[in-house]
Structures are given as structure tokens and as C-alpha cells.
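Work through these exercises with the structure open beside you. Try each task before you read its solution.

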Amino acid sequence: MNLFDEAWARHQSYLSRRHFLKGSALGLGAIALGSLMGCEAGNKNELDTSNPLQPVAPHFLPRAKNIIFLHMAGAPSQLELFDYKPVLEKYNGKDCPPELLEGKRFAFIQGVPKMLGPQYNFAQYGETGSWVSDRLPHFQSVVDDVTFLKAMHTDEFNHAPAQLFMHTGSPRQGRPSMGSWVIYGLGSENANLPGFIVLVSGNSNPSAGKSVWGSGFLPSLYQGVQFRSKGDPVLFVSDPDGMPRDLRKGAIKTINEINRLQYNEVGDPEIISRIAQYEMAFKMQTSVPEAMDINKEPEYIKDMYGIEPGKVSFANNCLLARRMIERGVRFVQLYHRGWDHHGSNEFEALEGGFLRRCDEIDQAMTALVKDLKQRGLLEETLVVWGGEFGRTPMWENRGGKTAPFKGRDHHSEAFTMWLTGGGVKTGMTYGETDEIGYYGVNDRIHIHDLQATLLHCLGLNHEHLTYPFQGRDFRLTDVHGKVVEDILV
Amino acid sequence: MDFLLFWGRFHVLLLHLPIGILTLAILLEWLPRISRKIDTPSASWMSLIWKIGAISAVVAAILGYMLSFSGDYGEERLNLHMWLGIALALVSILKAWGGRRLNSGVISMIVLILMMATGHYGGNLTHGSTYLVEYAPDPVKRSLGFEVKSSRPRITNLDSADIYADVIQPMLDQRCKACHNPEKRKGELDLTSFAAIQEGGESGQVIKAANLTGSELYRRVTLDPEDEKYMPTDGKTPLSKRQIEIMAWWIENGVPGSGLLAEYEIKEDMREKLSDVLGLSPDAMELPLPPLEELDEEKFTELREAGFAVTPMAEGSPYLNISFLPFGRVISDTVMNVLSGVGEHVVWLNLSRSGMKDEYMAYLENFPNLMRLRLDQNEISEEGLHYLADKKYLEVLNLFGTKVDKEPEMLDTARVKIYRVSLEEKPNRES
């Protein structure tokens, strides 16, 4: 062998299994010492197994105690509902001016689309003279109670990322949703119902899927629980035929004892979630059927909302939302899908499907606002309505061809939301878009600003509600977001 | 003097030599005694190493003596370090030139001990005696006899903050204490207490009441950062703009050593800055209620066992937000007894759908600070409302779905917002 080979052979002989095991022994000992000395993830939330969602004091005085978030998945056209642009009418059918297209990316628009004027008639209502289109006849009567945010803007122009952005603060998956952050920060007053409940209508779950009410990296205890509006509200929550409640209770108790022993050994917070969820499930067996039974409501309430018993409907969900709030649920989220009016077919047409969608929500959301108001619940409940982005003032021309029906493409620069309830001024319009509704020109509010403001109404400082993950502290608004104080009382 | 100080500063550089060389010498002496595999180095080498070590110790001591004229260090601690250092130099000379008979392990041991002690006190001079244990776990701190910092109670309310102790002192602690403390007094200035600040330093007074330009403390932190007199020096993090503005405000208000913020008239923008620096939310609303003691945890447990959901109105507030969420339970005498035990503290009370009755309303007599009361969907009638007449902070009363069928006269409806739709009425669908 030459010198190099010999050196190599010698070197190799020091990398035997024996040497590896000897070296690892010390390493393993060191790891054990680490865990003995208590080097944990250091998360501030010591989960109490008996009631981990026990309500906790907010950072400062809250204005609201609960939130109802009405999310219109698909993005309703603000130009046909709230943002009246008479100047756009003059450009109807004309080519879109190049300065609006230069350097911009659109979801589907290609080449030069035509402009599309407002399709419905607008008028001013209430003492505040707020503009509402004729598609929302009921809502016209409550405009004095709400605040419109007309210059909302976001960074995303596709449904799933934009919905994730709205609800979790990031367009990518993996972050906890707003409801999860809220119940992580505040807990929930009713120990017999989940603190964060989700109801979905409009045919299917929103594009972003269940991640928009997921708990991300927070313990899964904080995830949103979706209740089904038709049939069994929660699948398999009822006992099988013939099983007595005592037996069920005993079984759960035993399972949880075993889980608790496991937790004492291992310390995984997911075990606490599991224990809590078993106990919650047991309590939900009695609390949920009672809460979900809208048939017990007096007739005038049922008529006010326009509910459709036995079916999945937004109206049913609105009434359920009110009942949940009455029972102390902290965060209720309603998704109503089907607002994606591109104009590619009748279903997606502003003169077709859009009309039906408006009917579905108009009476119900108005009833919700009125009902909460008459019950004095609007003092403590914040109601938010909106989509994940807006729609363009242009007529969509997918692939260069103008859509067969009237429709608009996704638009991230300007859209409208409304808020009412705890802590928010009433009868106000905040923010303004330019004369054709393309950009916001005054008082623009970014999604992160909205999130910061909602947390602020609940008494939470969005900069201090954090959770350590992957080596740094995260929060809903991450490193952005400024509370919009002008709309707060 | 400059000559002394120029060379004196090299002490900090040079002291590492005797530490390294003398440690090496001691190791070379001791290791062969411990392990047979290690040969004793030759006597000539050992002697050389000791001699170099001793010389470097002497030089370091001389430079140290020159540095002591800077006046930057506290008298006592400096003396201790100085004499230990001189002793170290002498003993190491003894060891190096003392000849064979002094070649014993005892002298080496003495050198080691003296070196450790000198080094330790030297470190204390430059970094403060709490440097090593600053971030140690509390039990360790206590067992070493260091006091576990019991900081001032957390401020939740701007007006109850002390102008010096809560606003100015923490700022100085954060950015100035490292060099201006009783042990290490750069420029002979100690900034760790109000009295010390008033004493001033080398160049005299550092603060002059209501005189910004005459206050050296302020002048130094507002210089051009490139200026050599800028404070803090050495690339240390400076005071933030907000902190400097607050310091200016403090000086303009006469440099008070104590006093609650409530006593000062503070403009809106300054309030915001103060809130920010104190870690308060700028928009924090404050309850217009008299101050109270916080409750014990036991009281919370008692309330929860009775069926109430209890939380403080905000972190650190003695006032409570209480809900009775009926789930198989109704209001009873026992329950109301428990609740009235904390009557003074209750600000928001939710008794909706709880089975509350007129006869239990008497318990609400001792709830002077009640601001919001929900009695909706209970069998309450006007009778029960008499007990609410004296609640001077009451803002919202929810009587939806109760038996109260007209505006209650005993309440000041101009101040109290009342939600009322009685069980008999049906609200107008169009309303």
C-alpha cells in the first residue's frame, strides 16, 4: 500500500461501529440531562386539563366579547352591492385604458378587457345616506347601524391564498386562524360548547378548505369546530342505540385517565387537546342538540330570518350564530360560498347566480343585525361581513374573449366590507375608492390592519398575542398590521 | 495624566498574558503528577515559563496601577483588585526566581488562587458583580446570595405610574446602567438612583431643572452619534427617540424624583408616548371606577364552582367580568351568596337565561360598581329593578324577554341604555 492508502485505512479504522456507539452514549446522556433540567418549548400557555379554554382576561379593556364573521367565499362584487361608481357607467363597454393594465397581473383577464358599468341601481338609504344597490332591499334598513370599509385591499388574487390570508394572516398554509388565536388569547365562556364554531352554506367548503379554521401550529385544542347545518350537527356525537349515558361517561373518564398518565410521562400538549376534546364531545352530546334546535325559536324570529328548516341555508346559519353567541361561544364563523361571478356561465353571472346569492343573504344578515341589536347583544358582539378580495371594474375576458355573461375578475386592490357591533362606530363609511372603483384612494385598510383592529376590539394587543414556533414568536398579523382607530368608538 | 491613561488602558489588553502563561505553568507542573503518561517538562523550560509569566504579571500590574488614575472605578473594589494583583505579581516573581527550594506545589497553588481572585474582582470592576448571575435561574441566584430582583408592580394604568421610578429609571437602567453604576463609575457618574443622578459626575451636575440645554445628561444623548462625546458610547444601543422625548419632558417638568403621573397635565401625544414606553396599549380605556385590591385565586375558584365564568376585565385589573352560563344550573340563594361575596368587584354581569328572579335581585344591592347588567330572558319584573336605582355607574341594562313592559322609572334613562322587549310583546318585524 502506498502512504495515502495506508493513511486512509487508518482513518477508516477510527470510524468503526464501536467508536460511533461510544460517542453516542455521551450524546444521549446529554439529551437526557437536557430534558431532566426542564428545557421545554417554553410556551406560555400552561394547559389546564380540566378546562383548557377557561376564559382569560384580555390585555386591556375589551369593547366586544364575541365575534361573528360572515365570510362570502368567492368574493362578492362590491361594485354591484355597496360601492357606487356612476363614472364607471360612462365607460361601460369601452376598452380598458392601458394604465390600468400595465404591469398588473390578473387572475384571468388577458389582453384588453372592456369596462363594465354597475349592473344594478344604487340609492342612498338611512340617515347616513349610505349607498346600497337594489339587490339588498332588506339590508337598506340597517345601514345606519353598520360601518362600511370601502378601501380594503389585499395582496392575493386567488381564492385559496386570499382566504388563508384573510383568516390566518398568511397566504400559505400552516398558520392558525383568527378564531384560534382569539380563543388562545381569551378562552371561551361556555365550557360545554367549542369556543370557535364554523357553519358553512352555499354548497361546499370554501376554496382554502378547512385550513381557514384550523389551529395551525397552536395546539389543536384551538381549532374551529365545524357544525353541520343539516342532520346531526356533529357526526357521531350521539350515542349508539342502546348505550346508556353513564356507560359513555365512564368510558371517557377511563380513556382520559390513561391519557393523563401518558401526558405526565411525555408532556405532549396534543394529549391535553385530546383529553379536552373527549370531554367536550361528551358535553356536546347534550349541549349541541339544544343549541342547534332552531325550531324552538318563536315564529316571528323564524320569519325574520327566513329560515329553511331541514336544509342547509345561510339564514339557518345566521340564526344559529345568534344562538351560539347567546350561549357564550367566543367566535362564530359563517362561510357562504358561491360569489365568484366571473360571467363564464349562468351560475357565475351577475345577471344570474349573483341574484340568487343576494337573495340568500340579504334577509338573513339584516335579521341577524336587527336581532342582535334588539337583544342588546350588539353591545358585546362584533359582526364582520366580507369576501376575500373584490372584483374588477372590467368585464372579464378569459383567454382574450369577453365572457358570455356579465362578470368581473378577481381584484385585490379594492373591496368593501362592513362591520357592526361592539366597539365600532355606527353609520360610517371609512375609505374611498377612485371614480371607477379600481384603487382605494383614501383610508385604505389592509387585511392585517383589519385583523389587528378586530383583535383590538376584543381587548387583545395584536403585537403581544404571540406563540413561539420554529424558533421565533409568531402572531396573527406577523410583523404587520396597525389598528384602525378611526372606526372605533 | 494622559500619558498614564494612555498606557494604563493597555492593562486590559496585557492582563491576558499572565493569566494564560501562569495557568500554563501551573498545568505543566501538576499534570505530570496526575498522569504518568505525561512527562515533566525540562527544568529549564519550566523556569523560563515561570519567568515570562512573572514578568508579564508585573507589567500588567504596573499598567493596572496607571489605569487606576482614571477614576473610573469604585474606590473599594479597585483597592481589593489592586492589592491582589500586586500580591500575584510578587508571588510569581518569588516562584520564578526563588530557586529550587521554592519549587513546591504550594506556591503554585497560591499563585492560582491569587490569579483567580484578582481576575474575578477585575471582572467585577468592568462588568459589575452581577454579570455572571444576571441570567441565572432564580434558585441559583438566591443560593449565591444575590437578590432576586423584585421589580416594581406592573403598571396597568397610566395615571398610577410614578414619574421617576416607572418611567425614567427603567430607561436609564436599560441603556446607561452598564457603565454608570456604583461599582463602575465612568466619568464618576452613577445613574442608578435619583440621588446619584443629582450628585452628578466628573464634569459636575448632569441635570438642571427646567433647563434642557443646561442638562448634560440630555445634551450627551442628543449629540450627533458620530461625536465622540455621544452617549452611550462604544456602539451600545442608544435611547430611542421616544425615550429621549420623555427625558426632555421630565427635565422640563422640573426633574421630579417621584410623583404620580396623575399629578401632571399631560398632552395627548405625550400620553401616547408614555403609554408606549410603559408597555400599555395606547388606546387602553380606563374604568371610571375607584381603585380596589385584586382578588385571590381562591375566590375565583369558588365562583367557578358555583357556576360562574369569571375573568378580570383586563390583565391586572381588580374588576371582574362575570357570566352565569346555565347548563343544568339555575340561580339560587347559595349561588347568589357566593356572587355577592365579590359584589364590589363586579363590573359586567351576565345573568341572561339563568332563572334569575325578583327575589334574588336584593343580592345586587352591594354591587356599587356595576356597569353592564344582562337580565335578559328571565322572569324579572319592575319590582326587582328597584335595587338598581343607586348604581351610579350603570350604563347598559338588558331586559329583553323579561316581564318588564314599560320604561322603568326608577332608572335614569338618559344615562342607562335599556334594551327592553317584554315576554308579552313581540318586536315589530320592521323595527
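**Exercise 1.** Is Asp478(A) buried or exposed, and which residue does Asp478(A) meet in a salt bridge?

*Solution.* This is a predicted model, and every value below is computed from it.
- Step 1. Take the relative accessibility of Asp478(A): 15%.
- Step 2. Apply the cut-off: buried means under 20%. Asp478(A) therefore counts as buried.
- Step 3. Look for the partner. The side chain of Asp478(A) meets that of Arg472(A) in a salt bridge, at 2.9 Å from N to O.
- Step 4. Classify the partner. Arg472(A) has a relative accessible area of 36%, so this residue is partly exposed.

**Exercise 2.** Find the salt bridge between Asp371(A) and Arg322(A), and say which helices hold the two residues.

*Solution.* 
- Step 1. Check the distance. N and O are 2.8 Å apart in this salt bridge.
- Step 2. Place the residues. Asp371(A) sits in helix α10 of chain A, and Arg322(A) in helix α9 (residues 314-326) of chain A. The two are 49 residues apart, and the pair links distant parts of the chain.
- Step 3. Check the accessibility. Asp371(A) is buried, at 0%. Arg322(A) is buried as well, at 1%.
- Step 4. Widen the view. Asp371(A) and Arg322(A) belong to a network of salt bridges. Other members include Glu290(A), Arg375(A) and Arg353(B).

**Exercise 3.** What does the salt bridge between Glu279(A) and Arg260(A) tie together?

*Solution.* 
- Step 1. Confirm the pair. The side chains of Glu279(A) and Arg260(A) meet at 3.3 Å, N to O.
- Step 2. Locate both ends. Glu279(A) is in helix α7 of chain A, while Arg260(A) is in helix α6 (residues 245-266) of chain A, so the bridge ties together parts 19 residues apart in sequence.
- Step 3. Compare with the cut-offs. Glu279(A) is partly exposed at 22%. Arg260(A) is partly exposed at 27%.
- Step 4. Over all chains, the whole structure has 39 salt bridges.

**Exercise 4.** Describe the interface of chain A and chain B.

*Solution.* 
- Step 1. Count the residues. Chain A gives 35 residues to the contact and chain B gives 34.
- Step 2. State the area. The two chains bury about 3300 Å² between them, with 54% of it on carbon and sulfur atoms.
- Step 3. Name the top contributors. Leu61(A), Tyr300(A) and Glu379(A) supply 20% of the area that chain A buries against chain B, more than any other three residues.
- Step 4. Count the polar links. Three salt bridges cross the interface. One joins Glu380(A) to Arg374(B), with the closest N and O atoms 3.2 Å apart. Nine residue pairs are in polar contact between the chains.
- Step 5. Find the elements. On chain A, α7 (269-292), α8 (299-305) and α10 (353-374) each give two or more residues to the side that touches chain B. The largest share, four residues, comes from α7(A).
- Step 6. Sort by class. This side of chain A has ten nonpolar, eleven polar and 14 charged residues.

Key:
Residues are numbered from 1 along each chain as its sequence is written. Chains are lettered from A and ligands numbered from 1 in the order in which they are written. This is a predicted model: local features need pLDDT of at least 70, side-chain atom pairs count only at pLDDT 80 or more; totals for chains, interfaces and linings use all residues. Side-chain values use heavy atoms; hydrogens and water are left out. Contact means heavy atoms within 4.5 Å. Buried area is the accessible area (1.4 Å probe) that two parts lose on being put together, summed over both. A salt bridge is a side-chain nitrogen of Lys or Arg within 4 Å of a carboxyl oxygen of Asp or Glu. A polar contact is a pair of N or O atoms within 3.5 Å; within protein, one must be able to donate a hydrogen and the other to accept it, and residues adjacent in sequence count only if both atoms are side-chain atoms. Ala, Val, Leu, Ile, Met, Phe, Trp, Tyr, Cys and Pro count as nonpolar, Asp, Glu, Lys and Arg as charged, and the others, Gly among them, as polar. Buried means under 20% relative accessible area, exposed over 50%, partly exposed in between (1.4 Å probe, protein chains only).
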